[in-house]
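Colleague: Could you walk me through this one slowly, starting with any word I need before we look at single residues?

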Amino acid sequence: MRGTSTINLERPAESNDVYTRLNWLLAVNAEESGRLSRSAAEEEELLLMRRPMDARRAFGLFGLMLGLFPPAAIFIRMFGYGAGRNASLMLFIVCLLMNVACAAAGYGMGLALSRSVERAERRSLSVMMLLVPFIGMAWGAVTGFAGGLIFAGIGAFFGAVFAMPIGALSFTLFTPLHQALARGGMIDARHFWPLASGATLFAAALVLGL
């Protein structure tokens, strides 16, 4: 009897070679069983999630956190967030408004870019890692521009410049981990919050020089 290690999954031509056809049927059955087993395992893991979160919500919240913590670190580093020895109520209000604008824009951009991230996650790891930084830069350009507009409009350009590398780094850190832990496009909130917090706080710590 012929070995099954070199089986071609394409349907063999009509012939009297019973062994060839039998091996083909066995190979197809094994392939289908493996696929169903993987699907069943993924479905079981999805059902075990306590608080499943789809990609749109996950990247929306990630964008919100990314628009909150790193910009706050930038405002602390540059202006002391209007506090400290040179405390200024007006400067504090401006920093707070810029921070709120960044968080709101970051949330909106996270929602808008979630489909692009999902498409990138379906690609090979190497292709995904090439695409994700550019998605993060797009997030940073819009979010930083929106936050900088509060600063008399002149900060829009600088806001975009500061936010683009932060977005590229943070999306590059977060997305592969999201892909690894997501099942059926959903990630458990128990996994999401530590990952999102770690990526955004790491970026904020780099800004502060910690």
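Modeller: Let us settle one word first: a residue is called buried when its relative accessible area is under 20%, exposed when that value is over 50%, and partly exposed in between. Phe192 has a relative accessible area of 0%, so Phe192 counts as buried. Please keep in mind throughout that this is a predicted model.

Colleague: Okay, and what elements does the protein chain have, from the N terminus on?

Modeller: The protein chain has 7 helices and 2 strands, and, read from the N terminus, these elements follow the order α-β-α-α-α-α-α-β-α. Of its 210 residues, 37% count as buried. If we take the contacts between residues at least 6 apart in sequence, 69% of them join residues that are at least 24 apart.

Colleague: How many residues are in the largest nonpolar core, and which have the most contacts inside it?

Modeller: That core has 36 residues, and the ones with the most contacts inside it are Met53, Phe59, Phe62, Phe171, Phe174 and Phe192. Two or more residues each are given to this core by α2, α3, α4, α5, α6 and α7, with α7 supplying the largest share, 8 residues.

Colleague: Can you pick one of those? What is Phe171 in contact with?

Modeller: If we leave aside the neighbours within four places in sequence, Phe171 is in contact with Phe59, Phe62, Leu66, Val117, Val132, Ile135, Gly136, Trp139 and Pro176.

Colleague: And Thr175, where is that, and is it buried or exposed?

Modeller: Thr175 is in helix α6, and it counts as buried because its relative accessibility is 0%. Not counting residues up to four places away in sequence, Thr175 touches Phe59, Val117, Glu121, Met128 and Val132.

Colleague: Let's talk about rings. How many aromatic pairs are there in the whole structure?

Modeller: A search of the whole structure gives 12 aromatic pairs. In one of them, the ring centres of Phe192 and Trp193 are 4.9 Å apart and the planes are at 70°, so this pair is edge-to-face. Phe192 is buried, at 0% relative accessible area, whereas Trp193 is partly exposed, with a relative accessibility of 35%. Ring pairs also link Phe59, Phe62, Trp139, Phe171, Phe174, Phe192 and Trp193 into a cluster.

Colleague: Switching to α3, which of its residues are buried, and what covers them?

Modeller: The buried residues of α3 are Pro70, Pro71, Ala72, Ala73, Ile74 and Phe75, and the elements that cover them include α2, α4, α6 and α7.

Colleague: What comes just after α3?

Modeller: Just after that helix comes Gly80, which takes a positive phi of about 65° and belongs to the loop between α3 and α4. Gly80 counts as partly exposed because its relative accessibility is 30%.

Colleague: Now the outside. Which residues form a nonpolar patch on the surface?

Modeller: Leu89, Phe92, Ile93, Leu96, Leu97, Val100 and Ile150 form one, and together they have about 610 Å² of accessible area. One of them, Leu96, lies in helix α4, and Leu96 is partly exposed because its relative accessibility is 38%.

Colleague: Last topic, charges. How many salt bridges does the structure hold?

Modeller: The structure holds 1 salt bridge, in which the side chains of Asp188 and Arg190 meet at 2.9 Å, N to O.

Colleague: Are those two partners buried or exposed?

Modeller: Asp188 counts as buried because its relative accessibility is 1%, whereas Arg190 is partly exposed, with a relative accessible area of 38%.

Conventions
Residues are numbered from 1 along each chain as its sequence is written. This is a predicted model: local features need pLDDT of at least 70, side-chain atom pairs count only at pLDDT 80 or more; totals for chains, interfaces and linings use all residues. Side-chain values use heavy atoms; hydrogens and water are left out. A nonpolar core is a set of buried Ala, Val, Leu, Ile, Met, Phe, Trp, Tyr and Cys residues joined through side-chain atoms within 4.5 Å. Buried means under 20% relative accessible area, exposed over 50%, partly exposed in between (1.4 Å probe, protein chains only). Helices (H or I, at least four residues) and strands (E, at least two) are DSSP runs, numbered from the N terminus. Contact means heavy atoms within 4.5 Å. Patches are made of residues with over 30% relative accessible area and no salt bridge: like charges are joined within 9 Å, nonpolar side chains (Val, Leu, Ile, Met, Phe, Trp, Tyr) within 5 Å. Accessible areas come from the Shrake-Rupley method with a 1.4 Å probe; for residues, only the protein chains shown count as cover. A salt bridge is a side-chain nitrogen of Lys or Arg within 4 Å of a carboxyl oxygen of Asp or Glu. Rings of Phe, Tyr and Trp (its six-membered ring) pair if their centres lie within 6.5 Å; planes under 30 degrees apart count as stacked, over 60 as edge-to-face and the rest as tilted.
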